[in-house]
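Here is a short report on one structure. Look at the sequence and the 3D view, then read on.

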Amino acid sequence: MRRPWLLGLLLALVTAGIVALVAGSETSGTGAENVGESGPERVATPASAERGRERRCEATQSNPGGTNNYIPDAPERDSLGSGFVITGLVRSADGCRPLKDIRVQVWLATETGGEQDNRASVRTDADGRYRIETAPTIPQFGEPNIHVGYDDGRYRDVFIRRVVDLDDARAVVGLTLARRG
Amino acid sequence: MADFRTVALGAATVAVIAVPVTLALTDRHLADASAALVLSTAAGGLAVSALVLQPLLARGRRIARHQILGTVAFVLVLVHVGALFAESPGDAWFALSPDGPTRARMALIATIALFGAVTLGALRSRLSLGGGTWRVLHAYLAAVVIALGIGHAVLTDGALDDAGTTVLIALGALGLLGIPAAHAARSRRARRGQSSGVSIP
């Protein structure tokens, strides 16, 4: 080896690059926060939604991977099995008001099939909440993940991908929708 | 005494091959799973074993086995990835994208390093690298493959959780420690060879 310092420098730079690449990634993918919960189910409350029209909530942003395996117009279904729950509060960015009768689409990989097999449309109730029971999630691609989407036109489209832990009982995914235009 | 050592080494090799893939394939996440996911899991589990055994084979005189197993490990990784693409192309592309999770980033870098290590091995006689430089580069790439490959498996939920994680970390440590041990063994043999006029490939 004629120039060992040169080889050492090269490998140190490559190592620094690898460390930067790994450290620069997000554990579950960009923007995929963990929304899993276990224990008794809590009812999401629209925090002081009634107060003041000037109040504004930050709209939920789509995140990368949100549209993975999305098939438009999932059938309206009461459940996708039992053992896991996807629930959340849907509200308007303007005024933070709960939005009733909003169609939310969910899809996920469960013990009964992949993401394209387990999809459903579910509507929010008078309090702006949606809830659907599904079969338990599976880590088809290394981590259980769920998708929630809205693309019915009144508000801006939102497609999000979130993760849960294997032993979680539910995923709580709230959506804050911004008006188009 | 030599027989006992051979038997013990053989039993350890069988355990290194059988334990990860058995734990991975018997995990509950594969209940009712597609053939592609089962194939991907099996190939990934066997690739872990192949990588851990590689330094052991590099110690010996017959380097051809080391070369063959290196190629086998690379093919297993390609099968692992190919089966994931068959399972869900969208999720596979996302995993490899800049927005993919850390475990996928680790897997991608480990795969590139494995390709580099196998290519270095195949082109050794044609490259104008000195023997020392070649050995350092090959060992470096091997260490990257084992560290990030095992890291990828540890961060992956489903297969090889709990006891499986302990097995993975133990195998990773064994593989990484095996790299300097293989170098030391080959250096000792080379010195003995030089003193007796026999060259070591």
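Chain A has one helix and 10 strands. Helices (H or I, at least four residues) and strands (E, at least two) are DSSP runs, numbered from the N terminus. Along the sequence of chain A, the pattern reads α-β-β-β-β-β-β-β-β-β-β. The model is predicted: local features need pLDDT of at least 70, side-chain atom pairs count only at pLDDT 80 or more, and totals for chains, interfaces and linings use all residues. Residues are numbered from 1 along each chain as its sequence is written, while chains are lettered from A and ligands numbered from 1 in the order in which they are written.

Chain A is more spread out than a compact globule, because its radius of gyration is 20 Å, well over the 16 Å that the globule rule gives for 181 residues. The radius is taken over C-alpha atoms, and the rule is 2.2 Å times the number of residues to the power 0.38. The C-alpha atoms of chain A fill a box of roughly 75 × 45 × 35 Å, taken along the principal axes.

Now to a helix pair in chain B. Axes are lines fitted to C-alpha atoms, for helices over the stretch in contact, and angles run from 0 to 180 degrees between N-to-C directions. Helices α2 and α6 of chain B pack at an angle of about 145°, with their axes 11 Å apart. The table gives the residues that make this contact (C-beta atoms, placed from the backbone, within 7 Å).

| Helix | Contact residues |
|---|---|
| α2(B), residues 35–59 | B:Gly44, B:Val48, B:Leu51, B:Gln54 |
| α6(B), residues 131–155 | B:Ala142, B:Val145, B:Ile146, B:Gly149, B:Ala153 |

Note on methods:
Two residues are in contact if their C-beta atoms, placed from the backbone, lie within 7 Å.
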